[in-house]
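Here's a quick tour of a few local features worth a look. Keep the viewer open as you read.

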Amino acid sequence: MTPTTTTATTTTTTEALPRSASDPTWTELLDPVVTGVGVASPTGLGLEEFWAATVAGSSGLGPVTRFDASGYPCGVAGEVPGFDAAAHVPSRLLPQTDHMTRLALAVATEALDDAAVDPADLSTYAAGVVTAASGGGVDFGQRELQNLHAHGADHVSAYQSFAWFYAVNTGQVSIRNRLRGPCAVLVTEQAGGLDSLGQARRTIRRGTPLVVGGGVDSGLSPWGWAAQLATGRTSTGHDPAQAYLPFAPGAAGSVPGEGGALLVLEDPAAAAARGARVHATLAGYAATFDPAGGSRPDGLRRAVDLALADAGLAPHDVDVVFADGAALPAEDRSEAEVLVDVFGPRGVPVTVPKAGTGRLAAGGGALDVATAVLALEHGTVPPTPGVAAADPRHRLDLVTGRARELPLRTALVLARGTGGFHSAVVLRRA
C-alpha cells in the first residue's frame, strides 16, 4: 500500500491541549496505551538483551565495520550486533529491502508479539503504521547508484524505485503485517521518533484502534556517513569510550548509530476489551519548530511546557527526564538551562542512555521512549554510559555510573532534530 507522507520542513508544528477537571474536552481525549515494544539497538537486539545492557550502562559504540571509514574524520559508530536478516525477514523480501527496513520488520514483529496481537484477528482497517525517517534506505540506494555508474541502467534493481524511499519502512511493515489502516511517515530527524508517536496518538483519537509507531534507521554507509558528517555535529574522536559524552566537560559531538524502536499504541478501551497487558500510557506530547536565526523563544522549553500541560501535569510530577543530549557544548548548555528553569537545579534525575548507542537519527527518539517505558515498568533509571559525572556548570542530576532504583510514575522524553525541530513526550506508568 502507499502510505500517507507527512514531511516536516519549515512549518511550525505545535500540539498541546491543556487539561483540567473543568475542561469539558478533557474526558473526550483518549490517551493511548503502549501494549507492545520492539527494539534493535547497538546495545542489543530484542527487549531482554537491550534492557539488560541499558541497565548495566553498557556501550555498543565501536569502530565502524560496515565499511572502511579510515579516510573519514569520524570512525566510531553504534552498529546493531548479531543481526541475521535471513532469520527475521522472508527470503523473497531480502533482495528488495535495505538493512534499515530489515531491522524495522524484525522490530515490528517483536512489538506485535509483545502486544500479543495477531494482525489476522483485526478487521481490515483497524490498525495503521506511522514511522519516522531521515534519508531512507541509503545503503541500498548507494549500491544501485554505483551499479548505474559502473555498469549502466540495465544493472539497477527495479526495487530501487522504493527501497531507498523514506516511507519504505511504513509501507513494508504495513504490507508484511496486513495493517491496512491509516499510515504515515514523518521526517524531523532525531525528533521524528517522538513525532511519529504523536501522529499515532492523533490517529487513534480519530477512531483507529491500534497503530504501530516509532522509527528505525540506519545510515552506516559512505553515502549516509557523508551526510551525517556534513552536519558538523559528529565527534571526531576515534576512542569509542570518549567519543560521545553528553553533558560532560569533554563533550565534543555525538556518534552516529543505527536501530530504533517500534511501539504498539492502542485505544485504551480496545486494549482492555482484548485483555491486553499495558506497559504505559502516552499522556502528553508536543512539538515545536525554531526557524533559523533564533527569532522565537527557545523551542525546547515550549515543547516541555506544552507536553506537561497536555498531560495535565506540573513539573514536580515528573520523576525522570530522558534528555536529548547532543554532546555539543552550546546545545548541552541550552538543554540544561531549560531543565533547570523547569525543574530547578538538580531537581529531577536526568539520563542519556543513547550515549551507549549513538544518535540513531529517526530511530533515536523512539528508542528513548521505549527505554522510558521499560524504566517505568521496572522502577529503574538507567545510567548515562561513559560519562563519569556531569559538568557541574549544568547543575543537572545526571544519572551516571550505575542505575538508580526509584518509584517512577512519570517520564519526560525530549528530542531535538537538526534544523529546528523540538519534541517532548510524557509517559505514565501503567
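Where does Phe-247 lie? Phe-247 sits in the loop between helix 8 (222–229) and strand 9 (259–266); helices here are DSSP runs of H or I with at least four residues, strands are runs of E with at least two, and both are numbered from the N terminus. Its phi is near 65 degrees, a positive value in a residue other than glycine. With a relative accessible area of 0%, Phe-247 is buried (buried is under 20% relative accessible area, exposed is over 50%, and partly exposed is in between, using a 1.4 Å probe and protein chains only).

Arg-178 also has a positive phi without being a glycine, this one near 55 degrees. You'll find Arg-178 in the loop between helix 6 (168–177) and strand 7 (183–187). Arg-178 counts as partly exposed because its relative accessibility is 39%.

## What you're looking at

This is a predicted model, in which local features need pLDDT of at least 70 and side-chain atom pairs count only at pLDDT 80 or more, while totals for chains, interfaces and linings use all residues. Residues are numbered from 1 along each chain as its sequence is written, and side-chain values use heavy atoms, with hydrogens and water left out.

## The cavity

Searching the whole structure turns up 1 cavity of 30 Å³ or more. A cavity is a set of points, on a 1 Å grid over the protein atoms alone, where a 1.4 Å probe fits but cannot get out; lining residues have an atom within 4 Å of a point. Grid points are joined across faces, edges and corners, and the volume is the space filled by probe spheres set on the points. The largest cavity holds about 90 Å³ of space.

Its lining has 16 residues, and Phe-50, Thr-54, Pro-353, Lys-354 and Thr-357 are the closest to the centre. Helix 1 (47–56) and helix 12 (364–378) are the elements that give two or more residues to this lining, with helix 12 giving the most, 4 residues. By class, the lining has 6 nonpolar, 8 polar and 2 charged residues (nonpolar: Ala, Val, Leu, Ile, Met, Phe, Trp, Tyr, Cys and Pro; charged: Asp, Glu, Lys and Arg; polar: the others, Gly among them).

## Around Ser-58

Ser-58 lies in the loop between helix 1 and strand 4 (61–63). Its relative accessible area is 33%, so Ser-58 is partly exposed.

Leaving aside neighbours within four places in sequence, Ser-58 is in contact (heavy atoms within 4.5 Å) with Thr-43, Ala-53, Gly-356 and Pro-385. As for Glu-48, 10 residues apart from Ser-58 along the chain, the two C-alpha atoms are separated by 14 Å.

Technical notes. On a 1 Å grid over the protein atoms alone, a cavity is a set of points where a 1.4 Å probe fits but cannot get out, and a pocket is an open set with protein on both sides within 12 Å along at least five of seven lines; lining residues have an atom within 4 Å of a point.
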